[in-house]
Amino acid sequence: MKDLLGAHFIYEYENSWKYELYIKNEETIDYRIHTGMVAGRWVRDQKVDMVKLTKGVYKLSWTEPTGTDVVVELMPEEKRLHGMIFFPKWVEEHPEITVCYQNDFISLMHESREKFETYPKHLVGEFATIIFAENCGINNEKVISCAPYDGMIADIIAGKIVN
């Protein structure tokens, strides 16, 4: 897993959703969602399970406070990944509740998970192309440190935002 720690990726799913992922350390990730159903959401210190499946192929999986389950298979050398997101029914019906800096609203995520229906889950499985990759080192708090904004991905790729 050492090759993956500190990695920072921006990727675009085939459905055009754009996500950003920073593998902060062996136990946590940070991420921002730039486009898609929950665009504008960002999270720090999400607990994650990471395993190396084979040479150059890694699997990350986690459960969010929203009740959303996520599994991502990363193939950095091929600049590809596959993501499977299991959105609870309430997130599909009320995505705006989750569009925030989640860390400041954990209790709201838990309340919403209890207040609204969870099933059936809305499944989104997509391949993605990694459009940007760099290594920012382990536990770099500057990588994902603010909300996403229009044009942020272009700014990161152009080097206007340095981690």
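With which residue does arginine 32 form a salt bridge, and how far apart are the closest N and O atoms? The partner of arginine 32 is glutamate 20, with a closest N to O separation of 2.7 Å; a salt bridge is taken here as a side-chain nitrogen of Lys or Arg within 4 Å of a carboxyl oxygen of Asp or Glu. This pair links distant parts of the chain, twelve residues apart, with arginine 32 in strand E3 (residues 28-33) and glutamate 20 in strand E2 (residues 18-23). Strands (E, at least two residues) are DSSP runs numbered from the N terminus. Arginine 32 is buried, at a relative accessible area of 2%, and glutamate 20 is likewise buried, at 0%. Buried denotes under 20% relative accessible area and exposed over 50%, with partly exposed in between (1.4 Å probe, protein chains only).

The model is predicted, so that local features require pLDDT of at least 70 and side-chain atom pairs count only at pLDDT 80 or more, whereas totals for chains, interfaces and linings use all residues. Residues are numbered from 1 along each chain as its sequence is written, and side-chain values use heavy atoms, with hydrogens and water left out.

Across the whole structure, the search identifies twelve salt bridges. Among them, aspartate 30 pairs with lysine 24 at a closest N to O distance of 3.1 Å, and both of these residues are buried. A further salt bridge joins the side chains of lysine 47 and glutamate 27 (3.9 Å, N to O). Because lysine 47 lies in strand E4 (residues 42-47) and glutamate 27 in the loop between E2 and E3, this pair ties together parts that are 20 residues apart in sequence. Lysine 47 is exposed, with a relative accessible area of 54%. Through shared partners, salt bridges also connect Lys24, Asp30, Arg44, Asp45 and Glu141 in one network.

Notes. Helices (H or I, at least four residues) and strands (E, at least two) are DSSP runs, numbered from the N terminus.
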